[in-house]
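Dear colleague,

I am passing on the structure we spoke about, together with some notes on what turned up in it. Please look at the model first and then read on.

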Amino acid sequence: MSVQRARCIGTGACVRAAGRTFALDDAQIAMVLEPPRNPEHEVIEAAEACPTGAISVFRDGARIA
């Protein structure tokens, strides 16, 4: 998974959906925590909740969200 930080507007939707995988940094921009700890379905929900589409989720090299 990845976050296009330039697209992030810091709403925190990703943190609410998958707070053990995403966090907001000091500039209120989303980042991926390592290792990600939410189940895949919650990470996908976080990507879908992002109002700017800044989060991409991949499985086996293919984008799934």
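In what follows, helices (H or I, at least four residues) and strands (E, at least two) are DSSP runs, numbered from the N terminus. Please keep in mind that this is a predicted model. By that definition the protein has 2 helices and 6 strands, and, read from the N terminus on, the elements come in the order β-α-β-β-α-β-β-β.

Of the contacts in the protein with a separation of 6 or more, 40% are between residues 24 or more positions apart. The protein exposes about 3,900 Å², of which carbon and sulfur atoms supply 51%, while buried residues make up 37% of the 65 residues.

In soluble globular proteins, nonpolar side chains tend to be buried together.

Which residues of H2 are buried? They are Val43, Ile44, Ala46 and Ala47, and because they cover an arc of only 155° around the axis, they lie on the same side of H2. The buried residues of H2 pack against helix H1 (13-17), strand E2 (22-24) and strand E4 (55-56). Cysteine 14, once its neighbours within four places in sequence are left aside, is in contact with Gly19, Phe22, Ala30, Ala46 and Ile55.

The cysteines deserve a separate word, since a search of the whole structure finds 0 disulfides, a disulfide being a pair of cysteine sulfur atoms within 2.5 Å. For cysteine 8, which is in no disulfide, the nearest cysteine sulfur is that of cysteine 14, at 6.3 Å. Cysteine 50 is likewise in no disulfide, and the nearest cysteine sulfur to it, that of cysteine 8, is 6.4 Å away. Is each of these two buried or exposed? Cysteine 8 counts as buried because its relative accessibility is 14%, and cysteine 50 is also buried, with a relative accessible area of 17%.

Terms used:
Residues are numbered from 1 along each chain as its sequence is written. This is a predicted model: local features need pLDDT of at least 70, side-chain atom pairs count only at pLDDT 80 or more; totals for chains, interfaces and linings use all residues. Side-chain values use heavy atoms; hydrogens and water are left out. Contact means heavy atoms within 4.5 Å. Buried means under 20% relative accessible area, exposed over 50%, partly exposed in between (1.4 Å probe, protein chains only). The arc is that of the directions from the helix axis to the C-beta atoms. Accessible areas come from the Shrake-Rupley method with a 1.4 Å probe; for residues, only the protein chains shown count as cover.
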